[in-house]
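Hi,

Here is the structure I promised to pass on.

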Amino acid sequence: MATSDPALTIDRRLPLILGFQRVAESTEKATRFIEYGKGICVYDSEGREYIEATSSFYVASLGYQNDELIDAIERQYRDLPFYVSAMHRTSQASVDLAEKLVEIAPVSEPHVMFGSSGSEANDFLIKMLRFAAVARGEPDRKTIISRRGSYHGGTLATASLTGGHHDEFGLPIEGFRHVSQPDYHGAREPSESPAEYSIRLAGELEALIEAEPEGSIAAFFAEPICFSDGLRTPPAEYFPAMTTVLERYGIDFVADEVVTGFGRTGRVFASETLGLRPHHATMAKGITSGYFPLSAIAVGRELYQDLETGSDRIGTLAHAGTFAAHPVGAAAGLKAIEIIERDHLVEHAATMGERLATGLARYADHPLVGDVRSAGLAGCLDFLRRDGDDRPVNDDADAVLKTVYEALLERGVVGRPAGRSLVFAPPLIIKADEVDEICSRIGLALEDALGGS
Ligand SMILES: Cc1ncc(COP(=O)(O)O)c(C=O)c1O
């Protein structure tokens with residue numbers, strides 16, 4: 001209904017561009033302004049409380065207002081608020097964090113390179129793989145394979161590595177190829193077993209490698225458990241089949257642990273959860289619980305040796321990130337990891353994750369839900385349903401997802417729509433009654449959505 005009150009009709013455009021939404025929707029009315037956070041909750045400018053059941057994009061593992069972490073950051077600000085790490089200089093905090101990461105990374109004898117974001121970690125690693133290939137005298141080995149539906153970052157290279165949204169950005173740039181994402185629930189043939197499905201996907205990888213010029217592929221990047229496409233926990237047979245192919249062709253395996261690192265999957269890294277031994281791993285998000293932007297690359301032994309060889313053949317490693325290895329970020333990372341270890345938050349996440357899995361499993365037979373998956377302290381509802389002949393039946397999974405997501409937001413819980421699924425990954429500090437509260441509100445939101453559908 002038209003109104004004559006301009007205050008009610010004007011929806012002021014915000015002076016900022018927000019991602020993962022339509023640009024035209026960056027208006028005052030369409031936006032929630034989050035002003036405050038405490039524990040696992042955030043509060044908007046109208047005083048509404050939301051349980052952040054995604055840790056805000058899988059970042060705030062220690063929740064909001066962790067005083068110890070804030071104090072450690074403040075101390076570092078007072079001692080040394082910034083110093084660049086390059087040209088034979090660095091800060092003690094950066095070296096200390098590198099040493100800690102060498103101790104815990106899921107990679108053999110790693111060296112550490114820092115960045116400021118998950119995108120930079122993946123981007124810088126691609127650059128190091130190329131530098132090393134040149135140093136080895138194999139300059140053509142620069143193609144990277146990743147999986148459709150994955151997300152690996154927003155830079156030109158990592159958006160190319162990302163398995164979708166290419167056309168609208170004129171991507172991918174040269175040197176990126178994609179294979180299927182494991183989606184056993186959505187993409188299996190009727191009655192295809194997990195093992196058969198995994199072998200089919202490994203065959204697709206091998207066919208792609210065979211179709212490329214010999215010796216042109218440097219690495220395969222994958223999240224061990226893909227959050228970006230909707231918590232795609234792979235069949236147990238998937239990675240063994242894939243890594244067998246990679247080993248046959250001498251291709252490095254990179255674990256993107258940007259989301260899954262630092263306890264999310266019930267072990268420190270998801271590579272451990274799945275028993276993987278990647279050549280290299282990238283990490284960000286939970287490394288500082290989001291209190292400072294910082295990322296890291298665990299560079300495996302052989303790649304590091306090639307980088308050293310590059311020093312002889314090429315000379316200077318002409319690379320740096322001014323803010324990479326930021327001392328304040330390093331202090332935040334050290335303290336966040338210390339708290340995670342001291343408070344046994346990885347074990348706690350595993351226990352709370354079992355509770356979340358049980359709570360979500362209650363909805364497996366709900367008429368809107370097609371599949372429920374979980375991994376560590378993360379779970380999802382998938383809205384693609386299969387019939388008695390094991391065939392997908394509904395083509396409205398995206399619409400159902402949107403309705404449930406919005407109903408849940410109305411009930412004060414932030415979930416994360418991804419692929420066809422609604423993903424939950426609350427802070428590692430969550431308590432049992434808070435897990436139960438999330439699960440019961442999910443039930444209410446499913447009923448709201450069912451009533452409205
Ligand atoms: C798996 C994965 N890798 C990389 C990135 C990129 O990280 P950032 O947004 O910090 O650049 C993301 C971001 O969500 C991610 O989910």
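The crossing of H4 and H12 is left-handed, a crossing being left-handed if the near helix is turned anticlockwise from the far one by less than a right angle and right-handed if clockwise. Before I go on: this is a predicted model, so local features need pLDDT of at least 70 and side-chain atom pairs count only at pLDDT 80 or more, while totals for chains, interfaces and linings use all residues. Residues are numbered from 1 along each chain as its sequence is written. Helices (H or I, at least four residues) and strands (E, at least two) are DSSP runs, numbered from the N terminus.

Back to that pair. H4 covers residues 92-104 and H12 residues 327-342, and they pack at about 40° with their axes 8 Å apart. Axes here are lines fitted to C-alpha atoms, for helices over the stretch in contact, and angles run from 0 to 180 degrees between N-to-C directions. H4 and H12 are therefore oblique to each other; under 35 degrees counts as roughly parallel, over 145 as roughly antiparallel, 65 to 115 as roughly perpendicular and the rest as oblique. On the H4 side the contact uses Ala93, Ser94, Asp96, Leu97 and Lys100, and H12 brings Pro327, Ala330, Ala331, Gly333, Leu334 and Ile337 (contact: C-beta atoms, placed from the backbone, within 7 Å). That makes 7 nonpolar, 2 polar and 2 charged residues. For the classes, Ala, Val, Leu, Ile, Met, Phe, Trp, Tyr, Cys and Pro count as nonpolar, Asp, Glu, Lys and Arg as charged, and the others, Gly among them, as polar.

Two further helix pairs:

- H14 (397-410) and H15 (432-452) pack at about 125°, axes 8 Å apart, which makes H14 oblique to H15. Their crossing is right-handed. Val400, Thr403, Val404, Ala407 and Leu408 are the H14 residues in the contact, with Arg441, Ile442, Ala445, Leu446, Asp448, Ala449 and Gly452 from H15.
- H8 (194-211) and H9 (238-248) cross at roughly 25°, their axes coming within 8 Å, so H8 and H9 are roughly parallel to each other. This crossing is right-handed. By class, the contact of H8 with H9 has 8 nonpolar, 2 polar and 1 charged residues.

Now the domains. The chain splits into domain 1 (32-65 + 343-452) and domain 2 (68-342), with bounds from an automatic or database domain assignment. Their centres, taken over C-alpha atoms, are 26 Å apart. Where they touch, 33 residues of domain 1 are in contact with 30 of domain 2. H13 gives the most to the domain 1 side, with 5 residues. That side divides into 18 nonpolar, 7 polar and 8 charged residues.

What is around the ligand? There are 15 residues, of which Ser117, Gly118, Ser119, Gly153 and Val258 come nearest (near: C-beta atom, placed from the backbone, within 6 Å of the molecule or strand). Helix H5 (118-135) gives the most to this shell, with 3 residues. By class, the shell has 5 nonpolar, 8 polar and 2 charged residues.

Most residues other than glycine have a negative phi, and most peptide bonds are trans. Leu171 and Pro172 are joined by a cis peptide bond, with omega about 0°, and Pro172 lies in the loop between H6 (156-161) and S6 (176-179). Phe262, not a glycine, has a positive phi of about 65°; Phe262 is in the loop between S8 (252-256) and H10 (270-273).

Cheers

Definitions and conventions. Two residues are in contact if their C-beta atoms, placed from the backbone, lie within 7 Å.
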